[in-house]
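Here are some notes for a colleague who is opening this structure for the first time.

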Amino acid sequence: MSKTLVFGASLNPNRYSYLAIKKLLEKNITTEAFGKNLGTILHLQIKDNLTEFQNINTVTLYLNPSRQVEYYNAIVKLHPKRVIFNPGTENPEFYKILKKNNIEVVVGCTLVMLATNQY
C-alpha cells in the first residue's frame with residue numbers, strides 16, 4: 001500500500017497541511033506527518049525525526065522553498081516515488097535534484113488532486 005508523508009504538518013486546523021492530512025485519512029490513504037511541532041491530528045502523530053519514516057511513496061510539501069534546502073538530502077534518502085509541490089512551495093532548484101534521483105516532481109495541490117480523484 002502506498003504511503004504519503006505530509007512534510008511541514010501543522011496542528012493549526014486552518015493550515016492546508018492540516019486539511020490535507022484530514023482528507024488523506026478520510027480517503028483511507030496511509031499517512032505520516034513531519035513537522036516542527038509535535039502533536040496529534042485526528043489519530044495521526046506528527047513526528048520531528050525523519051529517520052522514523054520508511055516506505056514513503058509520496059511526499060507532499062507544505063514548506064516554503066527557503067526552508068526546504070536543509071531537507072533536500074533527507075527527502076531524497078526517503079526514496080519516494082514522487083514529491084508534490086503544493087502552491088507556495090514551488091522550487092526549481094529542488095526539482096532538478098529530485099529528477100536527478102529519479103523522483104517524480106508534481107507541481108499541484110494535494111487537496112485538489114484528492115477532490116478530483118487524481119491523487
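1. A polar contact, as the term is used here, is a pair of N or O atoms within 3.5 Å; within protein, one must be able to donate a hydrogen and the other to accept it, and residues adjacent in sequence count only if both atoms are side-chain atoms. Such a contact joins the side chain of N91 to the side chain of Q68, at 2.8 Å.

2. The model is a predicted one, in which local features need pLDDT of at least 70 and side-chain atom pairs count only at pLDDT 80 or more, while totals for chains, interfaces and linings use all residues. Residues are numbered from 1 along each chain as its sequence is written, and side-chain values use heavy atoms, with hydrogens and water left out.

3. Q68 belongs to helix α2, residues 65–68, and N91 sits in the loop between β6 (82–85) and α4 (92–100). Buried means under 20% relative accessible area, exposed over 50%, and partly exposed in between (1.4 Å probe, protein chains only). N91 counts as buried because its relative accessibility is 6%, and Q68 counts as buried because its value is 1%.

4. What else surrounds Q68, apart from N91? A polar atom of the Q68 side chain lies 2.9 Å from the backbone oxygen of T89. Contact means heavy atoms within 4.5 Å, and, not counting residues up to four places away in sequence, Q68 touches L61, L63, F85, T89, N91 and F94. With the same exclusion, N91 touches P65, Q68, Y72 and F85.

5. A nonpolar core is a set of buried Ala, Val, Leu, Ile, Met, Phe, Trp, Tyr and Cys residues joined through side-chain atoms within 4.5 Å. The largest one has 21 residues, and L5, F7 and V59 are those with the most contacts inside it. The elements giving two or more residues to this core are β1 (3–7), β5 (58–61), α3 (72–77), β6 and α4. Apart from it lies another core, of 15 residues, with I21, L24, I41 and I46 among them.

6. L5 deserves a look of its own: leaving aside neighbours within four places in sequence, L5 is in contact with residues including E32, A33, F34, L50, F53 and I56, and also with T58, V59, T60 and L78.

7. A9 lies in the loop between β1 and α1 and counts as buried because its relative accessibility is 8%. Beyond four places in sequence, A9 touches S17, I21, A33, F34, G35 and I46. From A9 to R67, 58 residues away in sequence, the C-alpha to C-alpha separation is 13 Å.

8. T40 is found in strand β3, residues 39–41, and is partly exposed because its relative accessible area is 44%. A polar contact of 3.1 Å joins the T40 and Q45 side chains. Not counting residues up to four places away in sequence, T40 touches L11 and Q45.

9. N28, in the loop between α1 (16–26) and β2 (30–34), has a phi near 60°, a positive value in a residue other than glycine, and is exposed at 66%. N55, in the loop between β4 (44–47) and β5, has a positive phi of about 55° although it is not a glycine, and counts as exposed at 64%. N49 is placed in the loop between β4 and β5, counts as partly exposed at 33%, and has a side-chain polar contact of 2.6 Å with the side chain of T51.

Methods:
Helices (H or I, at least four residues) and strands (E, at least two) are DSSP runs, numbered from the N terminus.
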